[in-house]
Amino acid sequence: MIRYYLLVIAVMTIVTVFTRAVPFLFFSGRKPPQWLDYLQKFMPPAVMTLLVFNALKDVSFAEAPYGLPALGAALITALLHLWKRNVLLSIAGGTAVYMLAIRLPL
Amino acid sequence: MRARAAVSWKKISQMPSKVFGKARFGGIFAAAFKASVPVLLGYTTIGFAFGLVLTGAGLPWWLSPVMALSVYAGAAQFMGVGLMAAHAGIAEAALLTLLMNARHAVYGLSLLEEFSKAGKAKPYLIFGLTDETYGLLTTVKPPTPADQTVFHTIITGLNQFYWFLGCTAGGLIGSSLPFDTKGLDFALTALFVVLLVEQMKTVKTAAPYLLAIASAILALIFVSGRNFLLVSLALASCLLLLFRKRIHQ
């Protein structure tokens, strides 16, 4: 099992380094193509939207508490961030609310 | 003789502390440390949470510092714990890491010129190019322009050190204390919510968000949960490129 873990970690390391090295491997010395410039700007908002969906997709909305802890905590995280724009506060606050909410006897 | 002089100068320029003297190096270090304090607070706490999540998932605690030193990517590390706990395939781990970190592929574009002068530090600067490090390197200025590479290297090194500290402490404490970590992995959801809010403040065009929501809904209907991220990301990229002319204006 340890070998499997280390293999996953090694593969993830190589892929992560690759993603960070892409511009230096392919575009040092010449101007990146226009479509990449376009994706650079508009891909991140799309990716973040999908990552939020992905994180919330396994919440069960059909039975009590109807996904309220997750949705409520996500909303509180967003509001905290709009209010103070402090990454740490937003994440800690939202997570604390979630951990409390799932322990409430409802 | 001239060639020899050039070689030795190159060598010297890559040993900053010897050239600058201790005082000068100390000044650059102090400036770099000051700039990195917000990351110190963020990385130690999120790293700590990561260590708790990793041990909570039943993985050996020392994988936490190992991942901090090798993978060194926040969101991807959390995802990696999920993959390992579920015994996911290696190809799946590679593909999901690629998709999740694809955003990093564009960071370097704005640092091509700076890093081309970085000499031996360049590979490490590229390795350590996380979201937060990228943010610091592109916004904070070194004390003098000549100190740029040293300044960048210290910031990158400090940031990884903070992350390593947090991950190690979280792994150790998570494995020794009976800590009820249920729900702690919501930190990852919260992180994505925060990143999404940040995106909405910079990219105010509605199209990428709407295309992503459409892709998400289609993927939720037509594919199983395991393939959701893969399919929806591919779909969103295609839609973005398809509507390129219209969105670009």
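Domain bounds here come from an automatic or database domain assignment. On that basis, chain A splits into domain 1, covering 1-32, and domain 2, covering 37-106. The C-alpha centres of these two domains of chain A sit 28 Å apart. The model is a predicted one, and chain A has a mean pLDDT of 89, with 96% of its residues at 70 or more. Going element by element through chain A, the lowest mean pLDDT, 83, belongs to helix 2 (residues 34-56) of chain A, while helix 3 (residues 68-84) of chain A gets the highest, 96.

Helix 3 of chain A also has a packing partner, helix 4 (residues 87-101) of chain A: their axes are 8 Å apart and meet at an angle of about 155°. Angles over 145 degrees count as roughly antiparallel, so helix 3 of chain A runs roughly antiparallel to helix 4 of chain A. The crossing of helix 3 and helix 4 of chain A is right-handed. On the helix 3 side of chain A, the residues in contact include A:Gly72, A:Ala73, A:Ile76 and A:Leu80, and among those they meet on helix 4 of chain A are A:Ile91, A:Gly94, A:Val97 and A:Tyr98. Sorted by class, this contact between helix 3 and helix 4 of chain A holds 11 nonpolar, six polar and one charged residues.

Chain A also touches chain B, with 57 residues of chain A in contact with 70 residues of chain B. On the chain B side, helix 11 (residues 186-202) of chain B supplies the largest share, 13 residues. The class breakdown for the side of chain B that touches chain A is 51 nonpolar, 16 polar and three charged residues.

Key: Residues numbered from 1 in each chain as written. Chains lettered and ligands numbered in written order. Predicted model: local features only at pLDDT ≥ 70, side-chain atom pairs only at ≥ 80, totals over all residues. pLDDT = per-residue confidence, 0-100. Helix = DSSP H or I, 4+ residues; strand = E, 2+ residues; numbered from the N terminus. Axes fitted to C-alpha atoms, helices over the stretch in contact; angles between N-to-C directions. Parallel < 35°, antiparallel > 145°, perpendicular 65-115°, else oblique. Left-handed = near helix turned anticlockwise from the far one by under 90°. Contact = placed C-beta atoms within 7 Å. Nonpolar A, V, L, I, M, F, W, Y, C, P; charged D, E, K, R; others polar.
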